[in-house]
Every structure is written in structure tokens, then in C-alpha cells.
Amino acid sequence: MKRYIIAVLLISMAGFAFAQDEIGSTNTERLGIESAQQKLKEISVERFEHDGFWRSHMSPDQGYSTTRLFEGSPLGKKPIPEEDGMDIPDRYVLGTRIDYLRRGYSSFTMYPIRPIPIEGITKTISLWVAGRNFDHELHILIQDFFGKNYELYVGKLNFQGWKQLTVAVPPQAPDGRHGIIQRNYHYNNQMGIKVVGFRIDVDPMEALGSYYVYLDDVRAVTDLFAEESRDPDDMADSW
């Protein structure tokens with residue numbers, strides 16, 4: 001009887017020790033992988049400092065647009081910690097004036113002369129907007145890894161003064177072929193999305209007279225893990 005009890009105790013202790021080791025090692029590995037696979041960082045995408053780089057368009061049946069830079073900056077804007085003290089130019093904001101020819105459903109776009117790439121895997125995009133408290137709706141226009149165009153709803157412009165608006169970029173499908181594709185597992189040196197413009201859908205009840213809107217400081221929170229972990233001797237497929 002004593003031998004039987006001792007054997008049961010030894011088996012129980014061995015099982016307990018195995019369970020402790022399995023649980024502890026699994027959690028450690030999982031935590032290590034999860035923390036190492038992402039390196040999130042806030043980066044500047046566009047400060048609107050280059051005259052002539054941005055243009056605007058509205059259907060001539062609805063009205064006409066004028067876009068230019070103005071000196072100014074939102075007082076609530078805070079510098080990116082990594083860029084503090086680097087003396088990066090930041091004097092201007094982008095202003096667009098719309099003069100309506102008729103009231104009705106319409107929209108206008110503000111777009112750069114070439115797409116603006118965002119490094120890494122973008123999680124969110126933010127920008128400062130002075131929308132003059134209209135019920136117009138702002139959308140950001142992006143292009144994914146395969147050159148497909150998408151638009152993301154940013155928000156309504158029904159507020160006074162400057163306000164920072166943020167939109168999340170939906171992750172691509174697990175199969176890597178659907179949704180907004182930001183990465184292809186074949187190519188680690190090519191990833192991310194590009195900003196191709198902004199569109200404002202006009203509330204038809206407020207489409208009269210002139211309308212002014214200002215944009216500044218487009219930023220993104222992006223995952224730079226793959227960007228900074230690439231082999232330095234890897235070949236570039238850009239020829």
C-alpha cells in the first residue's frame with residue numbers, strides 16, 4: 001500500500017512540474033514574439049511646406065476651387081519626440097477655397113502631384129483640419145501595395161477652429177490577397193500604402209457662397225519592424 005501511495009505522489013509531482021514548465025515557457029515565447037513583431041512609431045507624412053505640390057479639383061458644373069499655402073499652424077500641435085530639436089521647416093498649412101455655382105450634391109478633392117508613400121505597415125493616419133463647422137465629410141484617399149485605390153472616412157467637419165482627426169487603416173485579410181494590402185510575403189523591401197489625396201463630400205444644404213478649409217500635419221502610426229529588420233545585404237528588386 002505504501003509503495004502504491006508513493007508512486008501516485010511521484011506521478012502527481014512530475015505532472016505538476018511538467019505543467020508548470022509548459023505554461024511558463026509558452027507564455028514567454030508568445031510574449032517575446034508578439035513584442036518583437038511590432039515596432040510602432042509615429043512618423044510625419046506631410047507638412048504642406050512645398051508650394052505647388054498640392055492641387056484641387058471640383059466639377060466645373062458645381063463650382064471651382066483654389067488651393068495654396070498659408071503661414072500658420074494649429075496651437076495644439078505637438079512635435080514628434082524623435083524630431084524635437086531637428087529644426088524641420090513647419091511654417092505653412094494647406095488652404096482650399098471653394099466657390100459654388102449651384103446648390104446640390106457635390107464634392108471636391110485636394111491631391112498631391114505624386115502619391116506620398118508611408119513607410120512600414122500603417123495603423124492609423126491623423127491630420128489637423130479647420131473645417132469651419134460645416135456638415136461636410138472628409139475622406140482620405142489611399143493606394144495599397146498593389147496600386148488599388150481606397151477611401152477611408154475620416155469624419156465630419158462640424159467643429160470650430162483646428163481639430164486633429166484620426167482614422168484607422170483596416171488590416172489586410174489573413175490570406176494576404178484581400179482588403180487594403182500593405183505587405184506581400186514575397187517582398188520585404190516593398191510594403192505600405194500611399195496617400196493620393198483628400199476628398200470632401202459637401203452637404204447640399206450648405207453648398208452656397210464660398211467655403212474655406214485648411215489642412216496641416218498629416219501623420220501616421222506605423223509598424224517599422226520589418227523595415228528595420230531587413231538584411232542589409234538583401235538585393236533590391238527595383239531594376
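Modeller: Let's start at serine 106, which touches Met58, Gln62, Tyr100, Ile200, Asp201 and Val202, leaving aside residues up to four places away in sequence. Touching here is a contact, meaning heavy atoms within 4.5 Å. This is a predicted model, where local features need pLDDT of at least 70 and side-chain atom pairs count only at pLDDT 80 or more, while totals for chains, interfaces and linings use all residues. Residues are numbered from 1 along each chain as its sequence is written, and side-chain values use heavy atoms, with hydrogens and water left out.

Serine 106 belongs to strand β5. Helices (H or I, at least four residues) and strands (E, at least two) are DSSP runs, numbered from the N terminus. Is serine 106 buried or exposed? Serine 106 is buried, with a relative accessible area of 11%. The cut-offs are under 20% for buried, over 50% for exposed, and partly exposed in between, using a 1.4 Å probe and protein chains only.

Now look at glycine 104, which sits in the loop between β4 and β5 (106-112). Glycine 104 is buried too, at 18% relative accessible area. Leaving out residues up to four places away in sequence, glycine 104 touches Pro204 and Ala207. Glycine 104 and alanine 207 are 103 residues apart along the chain, yet their C-alpha atoms are separated by 6.5 Å.

That pair leads us to the whole chain. Of the contacts with a separation of 6 or more, 80% are between residues 24 or more positions apart. The chain has two helices and 14 strands. Of its 239 residues, 37% are buried. The chain exposes about 14,900 Å², and 54% of that comes from carbon and sulfur atoms; such areas come from the Shrake-Rupley method with a 1.4 Å probe, and for residues only the protein chains shown count as cover.

Next come the charged pairs. How many salt bridges does a search of the whole structure find? The search finds nine, a salt bridge being a side-chain nitrogen of Lys or Arg within 4 Å of a carboxyl oxygen of Asp or Glu.

One of them joins the side chains of arginine 91 and glutamate 71, at 2.6 Å from N to O. Arginine 91 lies in the loop between β3 (63-71) and β4 (92-100) while glutamate 71 lies in strand β3, so this pair ties together parts that are 20 residues apart in sequence. Arginine 91 is partly exposed at 46%, and glutamate 71 is exposed at 58%.

Aspartate 99 pairs with arginine 97, their closest N and O atoms being 3.0 Å apart. Aspartate 99 is buried at 9% relative accessibility, whereas arginine 97 is partly exposed at 34%.

Arginine 219 and aspartate 217 make another salt bridge, with closest N and O atoms 2.8 Å apart. Here arginine 219 is buried at 8%, and aspartate 217 is buried at 2%. Salt bridges with shared partners link Glu42, Asp217 and Arg219 into one network.

Most residues other than glycine have a negative phi. Aspartate 87, although not a glycine, has a positive phi of about 55°. Aspartate 87 is in the loop between β3 and β4 and is exposed, at 75%. Arginine 132 is not a glycine either, and its phi is positive at about 65°. Arginine 132 lies in the loop between β7 and β8 (137-143) and is partly exposed, at 39%.

Last, the largest pocket. On a 1 Å grid over the protein atoms alone, a pocket is an open set of points where a 1.4 Å probe fits, with protein on both sides within 12 Å along at least five of seven lines, and lining residues have an atom within 4 Å of a point. The lining has 19 residues, of which Ile121, Lys123, Gln172, Arg183 and Asp223 lie nearest the centre of the pocket. Elements giving two or more residues to this lining are β7 (121-130) and α2 (225-228), and β7 supplies the largest share, three residues.
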